[in-house]
Amino acid sequence: MKDTVIKTDKLTKRFGDFIAANEISFEVYRGEIFGFLGANGAGKTTAMRMLCGLSAPSSGKAIIAGFDVYKQTEMIKRNIGYMSQKFSLYDDLTVLENIHFFGGIYGLTDKQLEMKSKALIERLGLQQEAKKLVASLPLGWKQKLSFSVAVLHDPKIVFLDEPTGGVDPVTRRQFWDLIYDAADRGVTVFVTTHYMDEAEYCHRISIMVDGRIEALDTPKGLKQAFQVQSMDEVFYTLARGAKRGD
Amino acid sequence: MDAVVVQDLIKIYGKDDVRAVDNVSFSVKPGELFGLIGPDGAGKTSIFRMLTTLLLPDGGSATVDGYDIVKDYKYIRNTVGYMPGRFSLYQDLTIEENLTFFATVFGTSIEENYHLIKDIYVQIERFKDRRAGKLSGGMKQKLALCCALIHKPTVLFLDEPTTGVDPVSRKEFWEMLKRLKQEGITIVVSTPYMDEATMCDRIALIQSGKILSIERPEVIVNAYADQLYAVKADHMYSLLKALNRFDHTINSYAYGEYAHASFRGPATEHEVVEFLTSQGLANIEMHRIAPTIEDCFIKLLKNS
């Protein structure tokens, strides 16, 4: 039996007459790397905000890590991690301060914080940098730290919103090693990206077009269904048909 | 005369004397589409801001259309177009008001140079009474490009115009740039997306303030010294780890559905497959491939 950690049923968000997310239904399993793709304006951010318990749906159902998106948003927030390119760490806090700050926000006790921050700093090999400002770290280290902080409280699911935008090709790949590693430990990874090669690294992918999920399968399955060689072509075929957005 | 000439340009920030731009030199020919390709923090924006006279260099020199970026800043500001990475039009003005504003500031009108922006403007024209702050990302990008073009600049500087933009819109944007190039406008564009490099006439690969290579994209690709292979097996993460352990591996990393790898001379394809099989991998597939710009960049990063 697959262990379902995200389950949505006709999840919908309306802003006035505009249907940002239109009856989306899908399931994501434990330890899965799930790629959430779509053109700008397709409704990805809206959908993701609902899944994180940050925005109440207009209709439909969703259970995230066992909790209801209408009634149990606080429990959802405790059981998920979140990281994006735009918002990750505070540059003017030290490495240790950042770990303590975010760990505290996620509700870890002082004792847990002390243990976990020590272990994390050792695992990342940041002993020398623990008391340095995050601003002084190279981008690759910042990213590793920011991902590790997002999973510090052992969430069931981690949401990554374009985590690798603008990052160099080597650092980008090191970051995916972290994702694989987390998934191996049973953490579910829900990730958005504009890099189609990264779509290939996901176990399954959904592609949103105009508020709807138009395709959902393994990368291999999607390429077969569309009879094309690359995810790039799958994406073009679907997103070219989009009527709204940019 | 070259449209842009950069000579040993240096920019230093902060107490720690970080060299954001470290002795950078390149030149751009008139009518050329020149790309600065590199990740965040490589120094691309600092170079753009110095060339558009918004930032003073700490060393070296540069000219745009023959004008010096320090002494002749007033000339340069009149002739170049600049689209910064961060949206910087007036959020409270409508599309049409923004465009009229920029045309007026440069002493021209929308009508005079309408042919330059027509292809792009028609895509947002039906929203012309909407405030810029209320536009979607792609529409903002198109408006910003129109505003940077409306005075018919000789050189157009575009700082990461496609960052955060989906693959379909990115492709459309590059098609627009190709049409502008046909109008004879010199374009200097930066991007963190390696696949966009092939759209440029010449590119400079840049990392940590230093230029790693300047060439036509096809020359950079042809100069790749090792034989590159695409390798596939039933389990990607195990494959990557196994390739890393192999004694003869020079370089190996994930690349879409395949791993890309190069091997030292003595290792034959057969030996690689044999090793991977001994590591418990199955359904191994391996074939020679031509490198992409991203492969070249990865190799340059590892060597530097």
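**Figure 1. R216(B) and E218(B) form a salt bridge.** R216(B) has a relative accessibility of 41%, so this residue counts as partly exposed. E218(B) is partly exposed too, because its relative accessible area is 40%. (Buried means under 20% relative accessible area, exposed over 50%, and partly exposed in between, with a 1.4 Å probe and protein chains only.) The two side chains meet at 2.8 Å, N to O. (A salt bridge puts a side-chain nitrogen of Lys or Arg within 4 Å of a carboxyl oxygen of Asp or Glu.) Elsewhere, salt bridges with shared partners join R172(A), R173(A), D197(A), E198(A) and E294(B) into one network.

This is a predicted model, in which local features need pLDDT of at least 70 and side-chain atom pairs count only at pLDDT 80 or more, while totals for chains, interfaces and linings use all residues. Residues are numbered from 1 along each chain as its sequence is written, chains are lettered from A and ligands numbered from 1 in the order in which they are written, and side-chain values use heavy atoms, leaving out hydrogens and water.

**Figure 2. D197(A) pairs with R173(A) in a salt bridge.** The closest N and O atoms are 3.9 Å apart. D197(A) lies in helix 7 (residues 196-199) of chain A and R173(A) in helix 6 (residues 169-184) of chain A, so the pair ties together parts that are 24 residues apart in sequence. (Helices are DSSP runs of H or I with at least four residues; strands are runs of E with at least two; both are numbered from the N terminus.) Both D197(A) and R173(A) are buried.

**Figure 3. K7(A) and E27(A) link two strands.** Over all chains, the structure holds 25 salt bridges. One joins the side chains of K7(A) and E27(A), at 2.8 Å from N to O. K7(A) sits in strand 1 (residues 4-15) of chain A and E27(A) in strand 2 (residues 18-29) of chain A, so the pair ties together parts that are 20 residues apart in sequence. K7(A) counts as partly exposed because its relative accessibility is 42%. E27(A) has 27%, so this residue also counts as partly exposed.

**Figure 4. Y90(A) belongs to a nonpolar surface patch.** (Accessible areas come from the Shrake-Rupley method with a 1.4 Å probe; for residues, only the protein chains shown count as cover.) (Patch residues have over 30% relative accessible area and no salt bridge; like charges are joined within 9 Å, and nonpolar side chains (Val, Leu, Ile, Met, Phe, Trp, Tyr) within 5 Å.) Y90(A) is in the loop between strand 6 (80-84) and helix 3 (95-105) of chain A. With a relative accessible area of 33%, Y90(A) is partly exposed.

**Figure 5. S84(A) is a buried residue of chain A.** S84(A) has its place in strand 6 of chain A. The relative accessibility of S84(A) is 7%. S84(A) and L160(A) are 76 residues apart in sequence, yet 5.7 Å apart in space, C-alpha to C-alpha.

**Figure 6. K44(B) is a buried lysine.** K44(B) lies in helix 1 (residues 44-51) of chain B. Its relative accessibility is 3%. A polar contact of 3.0 Å joins its side chain to that of E160(B). (A polar contact is a pair of N or O atoms within 3.5 Å; within protein, one must be able to donate a hydrogen and the other to accept it, and residues adjacent in sequence count only if both atoms are side-chain atoms.) Leaving aside neighbours within four places in sequence, K44(B) is in contact with residues including L36(B), P39(B), S190(B) and I206(B). (Contact means heavy atoms within 4.5 Å.)

**Figure 7. Y229(B) is buried in chain B.** Y229(B) is found in strand 11 (residues 228-232) of chain B. Its relative accessible area is 10%. Not counting residues up to four places away in sequence, Y229(B) touches several residues, among them A259(B), F263(B), M286(B) and I289(B). Y229(B) and I289(B) are 60 residues apart along the chain, with their C-alpha atoms separated by 5.4 Å.

**Figure 8. Helix 10 (residues 293-303) of chain B is mostly covered.** Eight of its eleven residues are buried. Among them are I293(B), C296(B), F297(B) and L301(B). The charged E294(B), D295(B) and K299(B) are also on the buried list.

**Figure 9. Two domains make up the division of chain B.** Domain 1 covers 4-222 and domain 2 covers 228-303. (Domain bounds come from an automatic or database domain assignment.) Their contact takes 15 residues from domain 1 of chain B and eight residues from domain 2 of chain B. The C-alpha centres of the two domains lie 37 Å apart. Chain B has ten helices and 14 strands.
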